[in-house]
Amino acid sequence: MTATLNANELFSKLESIKVGGTTCRYPIEKCEQLTPLINEINQIKKEKNALILAHSYVSPEIIYGVSDFVGDSYYLSKQARDSNSDIIVFAAVKFMAETAKILSPDKTVLIPSQNNGCTLADSITGAQVAALRQQHPNHTFVCYINTTADVKARCEVCVTSSNVYDIVEKIPNDKIFFLPDRFMGQNIINEMARRGVEKEILYSDGTCYVHEEYDPEMIQFIKSEYPGIDVISHPECKPEVLAESDFVGSTSELINYVSKSAHKDFFVLTECGLTGRIQAEFPEKRLVGTCTMCRYMKSNTLENILSSLKAPGPHNQITLERDVMDKARGCIDNMFRYTA
Ligand code: SF4
C-alpha cells in the first residue's frame, strides 16, 4: 500500500470495527488524526524499498493503513522471502521477524516494538531443548513456529497450526517430542488417536496466555444465549475448548472459514485482531462474546513503525549468528518438504 490515503477512505475501511471496548474504534476524527502518519510511513517505505508485514493480531490502522501483506507468521515469512524489498518491517513479535531473517538472511529485517516477546516462544530456550534431547535421544523433536531461532536450530522439523497434525502423522518415527505448547501437544495426542495413528507424543509446558483464557463454560454460556452460533477457535486453545468448537484452524483458516460460511453469528476464540479483521472485511457477519488482546502484538504502533523505518536502533534490528540461521533454516525447510 503506497498510494496516499485520505481520512474518508481510511474511515470506510475501519468503521465496522468495534472490538476491545473503546480501544479499536475509528470515528472519522480518529481517521483524520491517523492519515498523516500513515502517509508519511508509506512515503518512506517507497523511498527505502521497504516491505511492511503485519500479523492479523496487530492494530487495524497498521493492517489497513500501511501493511503490504497481512496474515499468519508462515504466510508472512514466505512473502518476506519472495519479495525484492531491501528492508522488511515485521509488525508482529520477535520470533516471527527471526523466521523472516532465517528465510531472507541478506535482507534487513526490522521489528518496530521493543515489547516483542511471546509467552510461548519465551517458555523454552535452546539450552533447555539440548538438555531434553539428551533425556530423549530416540525422539524426533518437532517445534511449533512460535519458537526462537535458537530453539528451531535444535529441532528436526518446524510446524504451524495449519500443518502440525499432518506432519506429525507423516514423520517416520513413533516417538515425537513436541514443543513449546502444552495444549497443542495434548491436541496432537487427541488428533492422532482420532486418526488411528499410534505414536508416543511428549510435550513441554508452555502456553499462550491469550488462548489459555478460554474455557468450555464460556462457550456453553454463549451457545445458550445465541442458539445456532458458530464457535471457531485456534489450536493453541485447551483441548476442552476445541471439543466444544464447530471449527478449529490457524488465523488464515479461520478467516477463510468465515468467508465461506453461511452462518451470520460467530464466537471467535483467538486474539481480537482477528475479530477486527472479520468485522472490517465481512461487516455483514455478527460477532459476539469476548475479546482478548495480546500485549506484545498490540505494542506495534504507527509511531514505532515510523521510527524503525526512519532511524532503526539496535533494538529494531534482527541479527542472528550464521550457524544458528543455517540450522534453523534446515528445520523450516523440513516443514516445506513434509508439506510439498
Ligand atoms: S497471542 Fe499468544 S502465541 Fe501469539 S504472540 Fe501473543 S503470546 Fe504469543
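This is a predicted model: local features need pLDDT of at least 70, side-chain atom pairs count only at pLDDT 80 or more; totals for chains, interfaces and linings use all residues.
Phenylalanine 177 sits opposite leucine 202, a residue of strand β8.

Look at the two strands around it. Strand β7 covers residues 175-179. Strand β8 covers residues 200-203. The two strands run parallel, and four bridges join them. Between them, the chain passes through helix α9, residues 182-195. This β-α-β crossover from β7 to β8 is right-handed.

Now turn to the faces of β8. Ile201 and Tyr203 lie on the covered face. Glu200 and Leu202 lie on the uncovered one. In a regular strand, side chains alternate between the two faces of the sheet.

Step back to the whole chain. How is the chain divided into domains? Domain 1 takes residues 7-115 together with 297-316. Domain 2 spans 121-208, and domain 3 spans 211-288.

Domains 2 and 3 touch. Here 11 residues of domain 2 are in contact with 13 residues of domain 3. On the domain 2 side, the touching residues divide into three nonpolar, seven polar and one charged. The C-alpha centres of these two domains, domain 2 and domain 3, lie 25 Å apart.

The last stop is the ligand. Which residues come nearest to the ligand? They are Cys118, Thr119, Cys208, Val210 and Cys294, out of 13 residues around the ligand. By class, the shell has 10 nonpolar, two polar and one charged residues.

Notes: Residues are numbered from 1 along each chain as its sequence is written. A residue is buried if 20 or more other C-beta atoms lie within 10 Å of its own, exposed if 12 or fewer, and partly exposed in between; C-beta atoms are placed from the backbone. Two strands pair if DSSP finds at least two bridges between them. A crossover is right-handed if, with the strands pointing away from the viewer, the path from the first strand over the helix to the second runs clockwise. Domain bounds come from an automatic or database domain assignment. Two residues are in contact if their C-beta atoms, placed from the backbone, lie within 7 Å. Ala, Val, Leu, Ile, Met, Phe, Trp, Tyr, Cys and Pro count as nonpolar, Asp, Glu, Lys and Arg as charged, and the others, Gly among them, as polar. A residue is near a molecule or strand if its C-beta atom, placed from the backbone, lies within 6 Å of it.
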